[in-house]
Amino acid sequence: MPKLVWGSQMSVHIKVIDAQHQEILEALNVLDNAVQLGCEKGVLTSTFEALVKYVGAHFSTEEILMIRFSYPGYEMHTKEHRNCTSKVLEFWEEFNSGNKALPQELVAFLSSWLDNHMVNMDQQYSLYFKEKGFLSQISG
Ligand SMILES: [Fe+2]
Ligand SMILES: [Fe+2]
């Protein structure tokens with residue numbers, strides 16, 4: 001599976017969020033490497049926990065901004081965040097109950113989810129903030 005790398009087409013033109021997206025992709029690659037190298041469960045768990053922490057903090061940042069600027073797509077967007085979070089946690093619970101193949105599936109799921117979400121859903125609020133003239137208030 002090719003590594004998901006941050007590119008300018010993913011930029012939402014908000015510094016803190018672009019940095020978070022990059023941080024998440026790096027954490028995902030660290031987990032991917034740990035899986036590829038056959039690292040033990042303790043290593044997989046700590047890299048997974050770091051990833052979940054970054055993702056959780058990131059979703060909150062986006063949701064707070066959407067509320068602050070009355071983004072009309074808030075409900076739909078946060079629903080996607082919730083679905084992703086519960087799917088990831090589901091994968092992990094299964095892994096903890098003994099399914100060793102799960103981290104690899106989790107990395108594949110999250111890579112494709114993030115790729116799709118960042119270039120579609122996240123771009124939509126970015127466009128809204130830009131059109132309404134909010135971007136300068138956020139990144140300035
Ligand atoms: Fe998002
Ligand atoms: Fe995002």
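Colleague: Do helix 3 and helix 4 run roughly parallel or roughly antiparallel to each other?
Modeller: Helix 3 (residues 74–96) packs against helix 4 at an angle of about 170°, and their axes are 9 Å apart. Helices here are DSSP runs (H or I, at least four residues; strands are E, at least two), numbered from the N terminus, while axes are lines fitted to C-alpha atoms, for helices over the stretch in contact, with angles from 0 to 180 degrees between N-to-C directions. Angles under 35 degrees count as roughly parallel, over 145 as roughly antiparallel, 65 to 115 as roughly perpendicular and the rest as oblique. Helix 3 and helix 4 are therefore roughly antiparallel.

Colleague: What kind of model is this?
Modeller: Residues are numbered from 1 along each chain as its sequence is written, chains are lettered from A, and ligands are numbered from 1 in the order in which they are written. Local features need pLDDT of at least 70, side-chain atom pairs count only at pLDDT 80 or more, and totals for chains, interfaces and linings use all residues, with the whole thing being a predicted model.

Colleague: Which residues of helix 4 make the contact with helix 3?
Modeller: Two residues are in contact if their C-beta atoms, placed from the backbone, lie within 7 Å. Helix 3 brings E80, C84, K87, V88, F91, W92, E94 and F95 to the meeting. Helix 4 answers with L102, P103, E105, L106, F109, L110, W113 and H117.

Colleague: Is E94 buried, exposed or partly exposed?
Modeller: E94 sits in helix 3, where it touches N99 and L102, not counting residues up to four places away in sequence. A residue is buried if 20 or more other C-beta atoms lie within 10 Å of its own, exposed if 12 or fewer, and partly exposed in between, with C-beta atoms placed from the backbone. E94 has 14 C-beta neighbours inside 10 Å, so it counts as partly exposed.

Colleague: Zooming out, how many helices does the protein chain have?
Modeller: Read from the N terminus on, the elements go α-α-α-α-α-α. There are 0 strands, and the helices come to 6.

Colleague: What is the radius of gyration of this chain?
Modeller: The elements run α-α-α-α-α-α, and the C-alpha trace spans about 50 × 25 × 20 Å along its principal axes. The radius of gyration is taken over C-alpha atoms, and the globule rule is 2.2 Å times the number of residues to the power 0.38. For 140 residues that rule gives 14 Å, and the chain is as compact as a globular protein of that length because its own value is close to that, at 16 Å.

Colleague: How far apart are the end C-alpha atoms of helix 1?
Modeller: The expected span of a helix is 1.5 Å times one less than its number of residues. For the 22 residues of helix 1 (residues 15–36) that should be 32 Å, and the model agrees, with the ends apart by 31 Å.

Colleague: How wide is the arc that the buried residues of helix 1 cover around the axis?
Modeller: The buried ones are I17, H21, I24, L25, A27, L28, L31, D32 and V35. They are on the same side of helix 1, because their arc (that of the directions from the helix axis to the C-beta atoms) is only 160°.

Colleague: Which helices do those buried residues of helix 1 pack against?
Modeller: On the other side of helix 1, K15 and A19 are exposed. The buried residues pack against helix 2 (41–68) and helix 4 (102–119).

Colleague: Which residues does L114 touch?
Modeller: L114 belongs to helix 4 and is buried, with 20 other C-beta atoms within 10 Å. Not counting residues up to four places away in sequence, L114 touches L4 and I24.

Colleague: What is the phi of S70 near?
Modeller: S70 is in the loop between helix 2 and helix 3, and it is exposed, with 10 other C-beta atoms within 10 Å. Its phi is positive in a residue other than glycine, near 45°.
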